[in-house]
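Here's a walk through this protein, from the overall fold down to a few residues worth a look. Keep the structure open as you read.

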Amino acid sequence: MMMTSFSVEAHEVEKKNYVLVIHGGAGTILKKNMTDEREAAIRAKLEEALRTGQAILDRGGEAVDAVAATINVMEDSPLFNAGKGAVFTHEGRNEMDASIMDGRDLNAGAVAGVTHVRNPINLAREVMTHSKHVMLAGAGAEEFAKAQDIKLVDASYFYTENRWKQLERARKKDKTMLDHDGDQKSDKIAELGYDPEDPDQKFGTVGAAALDMHGNLAAGTSTGGMTNKRWNRIGDSPVIGAGTYADNNSCALSATGHGEYFIRAAVAHSVCAMMEYKGVSLQEAADAIVMNKLVKMGGDGGIIAVDKDGNISMTFNTEGMYRGYIKGHDAPVIGIYKD
């Protein structure tokens with residue numbers, strides 16, 4: 001298994017010291033499978049997302065505002081598995097999940113299995129700020145969205161030819177395995193369409209973590225889940241402590257990967273907890289969880305995070321991860337492959 005770690009140390013603390021780090025998914029992302037045009041489009045969209053958050057942070061805006069706006073850019077793009085680019089379930093629907101957390105008071109909001117919400121991260125934020133709950137799901141979440149004037153769209157908005165073809169390929173694999181196995185259940189089907197040997201398999205979840213100039217942290221994550229998922233499956237993205245976590249005492253983190261493993265390892269909270277309780281650095285904690293614990297469990301994916309001092313980590317154990325960060329007025333730094 002290919003494993004890569006990235007760590008960037010904080011600059012000297014300035015009057016306006018803010019940091020934003022993002023991801024657009026991890027998985028089998030290889031240069032040989034990427035056209036120049038697609039790579040350029042992905043890099044441009046990642047930079048647009050970073051610049052959007054930067055503009056908010058630079059004028060003294062809050063970390064939660066920057067996180068939501070940054071994720072909106074990626075949710076509105078068909079390039080990522082969130083919002084407009086959400087993958088299809090086995091039944092041909094789009095079921096989306098999202099969560100957001102404010103490091104100031106550990107307040108959090110999440111939604112799961114929504115099908116008509118254009119920007120799920122915005123609804124998650126409404127759950128955080130305008131309800132006494134943390135997570136809402138399905139039809140109930142969408143009723144709440146109507147009450148909060150969150151934009152709903154027809155299901156056709158989420159249709160893209162590329163995602164539909166991915167579903168057709170996954171369905172064909174299901175049929176082939178069933179034909180081969182007869183009446184026996186296929187282990188691959190039980191894994192909800194995930195095949196680590198498939199070069200087309202990526203985790204396109206999007207996420208952002210920010211430190212604003214007031215010293216506050218926030219993080220958010222949004223996803224369409226796994227292609228060909230069944231039974232209203234929900235992954236780690238809307239689970240606070242698994243796919244998203246933020247605490248001003250340690251770090252803000254968003255994860256992307258094979259969600260079942262990230263839930264079982266409580267990845268997001270574990271990284272922040274190691275920092276707070278053991279006193280280790282962000283990168284040490286990220287390596288311990290993503291590069292050690294997850295690998296031993298068999299979990300693929302990665303995280304992006306920023307700590308209270310402005311140090312960042314972009315750590316993943318897959319072939320690649322769409323990622324980037326920006327610090328203050330510095331130029332954005334963007335990466336895709338493991339090197």
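## The overall picture

You're looking at 9 helices and 14 strands. This is a predicted model, and it covers 339 residues, of which 58% are buried. If you take the contacts between residues at least 6 apart in sequence, 72% of them join residues at least 24 apart.

In soluble globular proteins, nonpolar side chains tend to be buried together. Here, the largest nonpolar core has 51 residues. Leu20, Ile22, Ile42, Phe80, Leu123 and Tyr322 are the members that touch the most other members. Helix 2 (residues 63-75) gives this core its largest share, 9 residues. There's also a second, separate core with 41 residues, among them Cys251, Ala285, Ile289 and Ala305.

Leaving out residues up to four places away in sequence, Phe80 touches Gly24, Ile42, Lys45, Leu46, Met74, Gly85, Ala86, Arg163, Gly204, Val206 and Tyr322.

Helix 1 runs over residues 36-58, which makes 23 residues. At 1.5 Å a residue, that should span 33 Å, and the C-alpha atoms at its ends sit 32 Å apart, so the two agree. Just past the end of helix 1, Gly60 has a positive phi of about 90°.

Which residues of helix 1 are buried? The set is Glu39, Ile42, Lys45, Leu46, Ala49, Leu50, Gly53, Gln54, Ile56 and Leu57.

You'll find Ser77 in the loop between helix 2 and strand 3, and with a relative accessible area of 3% it counts as buried. Setting aside neighbours within four places in sequence, Ser77 is in contact with Lys45, Ala82, Lys84 and Gly85. Ser77 and Ile42 are 35 residues apart in sequence, while their C-alpha atoms are 9.6 Å apart in space.

## Helix 3 and the helices it meets

Helix 3 (residues 120-130) makes contacts with helix 4 (residues 138-147) at an angle of about 75°, with 10 Å between the axes.

How do helix 2 and helix 3 run relative to each other, parallel or antiparallel? Their axes come within 8 Å and cross at roughly 155°. Anything over 145 counts as roughly antiparallel, and therefore that is the label for this pair. Helix 2 brings Val64, Asp65, Ala68, Ile71, Asn72 and Glu75 to the contact, and helix 3 brings Pro120, Ile121, Asn122, Arg125 and Met128. This contact has 6 nonpolar, 2 polar and 3 charged residues.

Within helix 3, the buried residues are Pro120, Ile121, Leu123, Ala124, Glu126, Val127 and Met128. Besides helix 2 and helix 4, the buried residues of helix 3 pack against strand 3 (96-102), strand 4 (107-114), strand 5 (135-137) and strand 8 (217-223).

## Backbone spots to check

Most residues other than glycine have a negative phi. Two residues here go the other way. Trp231 has a phi near 60° and is found in the loop between strand 8 and strand 9 (244-246). With a relative accessible area of 60%, Trp231 is exposed.

Ala266 is another case, with a phi near 45°. Ala266 lies in the loop between helix 7 (259-264) and helix 8 (267-278), and a relative accessible area of 30% makes it partly exposed.

## A buried methionine

Is Met314 buried or exposed? Its relative accessible area is 6%, so Met314 is buried. Met314 lies in strand 12 (residues 312-316). Met314 and Gly324 are 10 residues apart in sequence, and going from C-alpha to C-alpha they are 8.3 Å apart in space.

Methods:
Residues numbered from 1 in each chain as written. Predicted model: local features only at pLDDT ≥ 70, side-chain atom pairs only at ≥ 80, totals over all residues. Heavy atoms only, no water. Core = buried A, V, L, I, M, F, W, Y, C linked by side-chain atoms within 4.5 Å. Buried < 20%, exposed > 50% of the residue type's maximum accessible area, 1.4 Å probe, protein only. Helix = DSSP H or I, 4+ residues; strand = E, 2+ residues; numbered from the N terminus. Contact = heavy atoms within 4.5 Å. Expected span 1.5 Å × (residues − 1). Axes fitted to C-alpha atoms, helices over the stretch in contact; angles between N-to-C directions. Parallel < 35°, antiparallel > 145°, perpendicular 65-115°, else oblique. Nonpolar A, V, L, I, M, F, W, Y, C, P; charged D, E, K, R; others polar.
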